[in-house]
Amino acid sequence: MGDEVGGRLRRLRAERGLTQRELAEPHYTAAYVSSVETGARTPSGDALRHFAARLGVDTGELLGVTSPRDDVRLDLDIAAAAADFLAGNGSAPKMRRLARRAEGIGRRRQAGLAWLWVARFTEGGTRPRLVAAAEAALADDIPPYRELAAALRANVLIGPGEPHHAMHLLRTALDASLDGHPHPVLLLTLHAYLAEGQLRLGETAQAAHHAGEALRLARGGEEILAELTGNQRRLAEAYLGEGRVADAIAAVSVLHDLLHERALRPVLARCLFARALARRTEDLEGALADLRASRAAAPDHAVTLELADVCRELGRLDDAAALLAEAVEVIPADSPLSASLTFQQGSLALARGDLEAAEAGFAHAIDVAALRDARGVLAASVDKAGELLRDQGRSEEAADLLRRGLLLLGAEEDVPK
């Protein structure tokens with residue numbers, strides 16, 4: 001037991017950046033701490049209490065012994081750190097310490113959930129390693145927890161350009177969950193990530209299907225979820241204070257579900273975008289509502305442009321103009337969205353009856369789309385510009401424009417005149 005206590009003492013001291021002397025003072029010596037850490041001596045009860053106080057932990061953590069009450073307190077600590085992340089003032093080192101604390105006392109589920117939170121709010125090359133740590137901790141857990149890590153793994157794969165592999169992982173997890181463990185938050189997560197991935201792949205109909213399922217399972221927007229989270233945390237703490245540990249365990253489980261749902265807010269905003277794209281053909285007002293909700297939840301340039309286009313189609317030209325003016329300020333000239341922006345400026349000018357500005361807008365859109373290899377925007381711009389020229393009786397110019405457009409799209413040089 002001395003070896004195990006010494007190892008925990010050494011790990012916790014190193015995590016906090018303390019020297020052996022700093023941990024020992026004022027009642028013990030650095031040599032005494034060294035002998036405990038190497039397992040040569042077993043600390044007394046007074047020494048354990050001193051070390052625990054200096055390290056900011058319970059003596060049970062040093063001994064590797066915890067009670068159900070301690071487990072609930074650890075869950076509440078992880079929930080508080082997660083809430084900090086969601087509020088924009090989270091500390092990755094703090095959550096890492098909680099993950100290692102959970103590992104140190106053999107609480108693999110709590111460790112896995114803590115690593116998931118760190119992974120969600122980390123960018124760059126370390127993120128896959130953090131997901132791997134969560135997967136390892138949850139590998140032997142029940143499917144709902146195990147598949148949460150798999151879902152985040154798939155989400156990580158989408159970014160570096162492995163969407164097809166990610167979609168396979170998500171579909172496999174979804175099928176398994178529906179067959180045996182249909183946990184509501186897990187199903188919400190899987191549908192939301194599938195919608196986002198299929199949207200990236202251009203599979204709009206499939207994205208809209210999964211988006212609809214995710215939005216159906218969601219319990220509300222950020223304001224409602226934040227209120228529910230706060231109430232649930234207070235409920236768990238009240239049960240714990242009253243000694244109703246079993247009720248506290250149940251309450252803290254719901255608390256973590258609510259926090260995970262709040263973490264999906266940016267993905268659910270993409271779900272609203274996906275559903276709006278599908279609704280445009282038959283329900284412009286519904287698409288407008290989805291786009292506005294998406295933009296409010298997580299501002300996105302593509303959503304802003306889509307919203308401007310829907311406003312134009314509905315005849316709300318001033319709203320469309322305001323949105324495009326905002327987009328001009330924030331979309332860089334070298335962005336792939338710059339082609340869509342110039343096309344929409346031409347479309348708005350046409351809707352307002354300003355044919356000269358519309359012609360110039362579409363011509364500019366053709367140039368930008370060709371430069372950015374935005375083939376869909378290029379084809380639409382050529383079509384609109386050609387139609388505008390034909391309506392003015394300028395058939396020869398329209399034919400020349402069509403030939404140029406076909407060449408830009410990759411047609412052979414000997415396009416017939």
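Which helix gives the most residues to the lining of the largest cavity? That turns out to be H6, with 3 residues. The model behind this is a predicted one, in which local features need pLDDT of at least 70 and side-chain atom pairs count only at pLDDT 80 or more, while totals for chains, interfaces and linings use all residues. Residues are numbered from 1 along each chain as its sequence is written, and side-chain values use heavy atoms, with hydrogens and water left out.

Searching the whole structure turns up 2 cavities of 30 Å³ or more. Here a cavity is a set of points, on a 1 Å grid over the protein atoms alone, where a 1.4 Å probe fits but cannot get out; a pocket is an open set with protein on both sides within 12 Å along at least five of seven lines, and lining residues have an atom within 4 Å of a point. Grid points are joined across faces, edges and corners, and a volume is the space filled by probe spheres set on the points. The largest cavity holds about 100 Å³. Its lining includes Asp-58, Arg-73, Arg-101 and Ile-105, and the elements giving two or more residues are helix H5 (59–63) and helix H6 (68–86). Helices (H or I, at least four residues) and strands (E, at least two) are DSSP runs, numbered from the N terminus. By class, this lining splits into 3 nonpolar, 2 polar and 5 charged residues, where Ala, Val, Leu, Ile, Met, Phe, Trp, Tyr, Cys and Pro count as nonpolar, Asp, Glu, Lys and Arg as charged, and the others, Gly among them, as polar.

The second largest cavity comes in at about 70 Å³. Pro-144, Tyr-145, Leu-148, His-183, Val-185, Leu-186, Asp-257 and His-260 line it, and H10 gives the most, with 3 residues. The class count for this lining is 5 nonpolar, 2 polar and 1 charged.

Of its 31 lining residues, Arg-120, Arg-127, Asn-155, Pro-266 and Val-267 lie nearest the centre. H16 supplies the largest share of that lining, 5 residues, and the classes come to 16 nonpolar, 5 polar and 10 charged. The second largest pocket has a volume of about 490 Å³; among its 18 lining residues, Phe-273, Ala-302, Glu-306, Leu-337 and Ser-340 are the closest to its centre. Helix H18 (301–313) and helix H20 (337–351) are among the elements that each supply at least two residues there.
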